[in-house]
Amino acid sequence: MTATTIESSLSPDVPDNKRPFDWRKGIIIVAFCAIPLTLLVVFTYLPFGQMVGFSFYRMKYIGVPHWVGLQNYRQIVTRPDILPSLKLSLYYMAGSVLHISLALYLATILSFRVRCGNLFKGLFFFPYLINGIAVGFIFKFFYTRGFIFDSVLQWCGFSLNSLPYWLKDQSINNWSLVGASVWRYMGQTMILFIGAIMSIDQSLYEAAEIDGANKFQQFLHIILPSIKTILVLNVVLSVTGALSVFEIPFVITTGANGTGSYFVLMDRIAHTNQKVGLASAMAVVLLIVILIFALLQQILFKFLFRNQDDGVKAAKRRARRAKRQRNRIAAGKAPLLTNGRRQRAYSLERGQ
Amino acid sequence: MQTKKMTATIDNLGRFRENPPVLKDAVFNVLKYAILIFLAFWFMLPLISCVITAAKTDKEYATTTVTQLPKNWFNIQSYINAFNLSNMGNAFKNSIIILVVVLVCTTLIGTQLAYVLSRFTFPGNTLIRGLFTVAALLPGIAMQVALYKMMVGMHAVNSLWGYIIMSMGTDVISIYVFIQYFENIPISLDESAIVDGASYFTVYSKILLPLLKPAIVTCVILKGVGVYNEYYAANLYLQSAHLKTVAIALYTFTGPQGSKYNLICAGVILTLLPMLVLFLLFQKQIYTGIAAGAVKE
């Protein structure tokens with residue numbers, strides 16, 4: 001080990017850009033970043049760029065592409081099947097209300113002492129670990145006329161004739177799929193909520209109990225505010241999830257009988273009809289919509305949590321400002337007479 | 001004036017406490033368990049009905065309704081038939097090869113990248129983090145349109161290795177978990193090792209990697225579940241019969257076999273059995289991993 005390496009890695013007084021270049025560090029950075037970055041670029045950003053390009057062509061997987069400009073995008077609006085398929089996400093958005101409230105209810109119960117709590121947790125969570133094709137078969141079997149779901153409803157007093165075909169009847173089949181989707185993903189959301197609820201300071205409940213708050217009031221005033229972040233996050237995610245719903249309709253009905261969601265349709269256009277350009281344009285449009293939602297989420301978070309951590313943020317801002325001022329003074333460049341704000345920042349930092 | 005009858009006591013810490021209303025609590029308790037059991041019933045029903053149907057013989061399945069219980073609960077004939085029909089042995093072999101290679105490689109790559117990103121400041125550090133975050137936003141299905149054309153061009157369709165390298169791609173969640181974990185390991189540990197003459201690579205492999213074990217276990221399990229269950233990409237890129245993984249072996253049962261639900265259910269249970277074992281063994285790590293995955297978003 002040479003002296004320079006020790007010196008350069010251990011003396012914090014020397015600013016980064018003044019240190020001699022450390023070759024060993026450079027080599028390890030390049031060596032450790034090369035493979036993951038190559039994979040990221042080759043399998044994510046390159047196809048992404050190509051996809052944007054494809055969306056302006058009429059093309060198949062094999063053969064010569066024809067430049068068509070914005071025609072693919074025009075087709076998205078004019079084709080009778082694409083925009084209606086986006087409307088199907090409304091079903092899944094409605095389903096996510098059930099999904100999230102069920103997860104919240106169960107998480108609240110299972111975060112406290114419950115007999116067989118772990119067993120229940122496991123039962124609700126396990127569907128999340130089942131692979132898509134198996135889920136598809138399970139629900140085809142479950143919803144088949146006269147099979148499991150119908151039998152249980154018949155035990156409850158419904159007659160078979162009054163029951164619809166769960167996967168064929170267009171007035172109900174999307175709700176059947178939403179049920180399957182809740183079955184599959186509810187447990188995961190529940191585990192997220194349990195994690196958040198578990199991290200709440202236990203003494204808060206005791207204090208609330210002494211003050212005479214009942215369980216519901218405790219939920220409203222302790223649990224709900226504490227998990228607000230993760231709750232809002234899940235609401236936003238379920239909106240984007242509903243827009244890009246794919247697996248459940250793809251594996252259960254393959255999009256037949258009016259259950260083809262936007263991505264199911266895109267998959268069919270891309271791989272069955274081989275209209276790669278149109279499929280790419282569809283992907284680009286939905287990506288833009290999702291990015292807009294991601295952006296809206298940021299804004300929503302800023303708005304919802306504008307009062308939270310205000311002190312910390314303001315203090316950090318003050319500290320940053322003070323540091324800048326100190327650097328300027330150290331560099332001998334500080335104006336002798338500063339305007340009020342900077343002056344105050346500096347004096348705050350020195351505790352005056 | 002107080003009309004409701006209320007009792008109160010002073011507890012041993014001298015606090016004034018209202019006695020809990022026993023009857024109301026009991027009612028709530030019963031209601032709570034009733035709801036739990038009701039929901040658990042509905043959540044388990046699809047799976048239990050699969051177990052029941054899988055235990056029936058072909059003849060039994062044809063003659064009974066689906067809710068009638070099987071004569072012999074331990075009849076494994078359907079399982080054997082399903083296993084042979086869908087060539088599940090070969091599928092398990094393929095899945096295991098894919099799992100081992102992908103998990104070892106992604107763990108190495110992920111920890112190395114996280115080590116560099118969390119330990120060194122260099123131009124591009126923030127950019128790389130940003131690139132990975134944005135990549136997580138892009139939905140995988142949408143990317144497959146262009147990716148498929150690329151893979152066709154690289155002659156990587158219908159090749160186990162092409163599929164493996166593609167699956168290694170980006171695993172943003174585990175990289176984030178590793179970075180978080182590295183940041184909790186004090187940097188003085190690295191520094192003292194370097195003073196003692198260790199190279200950066202030794203620091204990474206001999207000191208930090210062993211400390212990272214809990215995070216690695218969590219990420220390997222979650223990534224493993226994802227890779228094992230991946231069916232869309234597997235179906236797209238592994239089309240020949242001898243390359244099928246467990247997740248897509250079930251496709252054998254579409255078409256003429258599509259109504260033999262005793263076989264299908266047996267097949268479904270065979271594919272999810274490894275997940276069940278994994279879940280029973282590593283419940284805690286799976287829950288932790290799920291929670292860690294959410295934090296990054």
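Mentor: Let us begin with chain A, where 63% of the contacts between residues at least 6 apart in sequence join residues at least 24 apart; contact means heavy atoms within 4.5 Å. This is a predicted model, in which local features need pLDDT of at least 70 and side-chain atom pairs count only at pLDDT 80 or more, while totals for chains, interfaces and linings use all residues. Residues are numbered from 1 along each chain as its sequence is written, chains are lettered from A and ligands numbered from 1 in the order in which they are written, and side-chain values use heavy atoms, with hydrogens and water left out.

Trainee: How many residues of each chain take part in the contact, and what is the area buried between chain A and chain B?

Mentor: Chain A brings 96 residues and chain B 88 residues. The buried area is about 8,400 Å², with 82% from carbon and sulfur atoms; the term stands for the accessible area (1.4 Å probe) that two parts lose on being put together, summed over both. Of the area that chain A buries against chain B, 9% comes from Phe32(A), Phe43(A) and Phe137(A), more than from any other three residues.

Trainee: How many salt bridges does the rule find across the interface of chain A and chain B?

Mentor: The rule finds zero salt bridges there. It asks for a side-chain nitrogen of Lys or Arg within 4 Å of a carboxyl oxygen of Asp or Glu.

Trainee: What makes the pair of Phe32(A) and Tyr204(B) edge-to-face?

Mentor: Rings of Phe, Tyr and Trp (its six-membered ring) pair if their centres lie within 6.5 Å; planes under 30 degrees apart count as stacked, over 60 as edge-to-face and the rest as tilted. The structure holds 41 such aromatic pairs over all chains. For Phe32(A) and Tyr204(B) the centres are 5.0 Å apart and the planes at 65 degrees, so the pair is edge-to-face.

Trainee: Why is Trp42(B) called partly exposed?

Mentor: Buried means under 20% relative accessible area, exposed over 50%, and partly exposed in between (1.4 Å probe, protein chains only). Trp42(B) has 23% relative accessibility and therefore counts as partly exposed. Phe32(A) and Tyr204(B), by contrast, are both buried.

Trainee: What kind of pair do the rings of Phe38(B) and Trp42(B) form, and why?

Mentor: Their centres are 6.5 Å apart and their planes at 75 degrees, so this pair is edge-to-face. Ring pairs also link a cluster whose members include Phe38(B), Trp42(B), Phe139(A) and Trp166(A).
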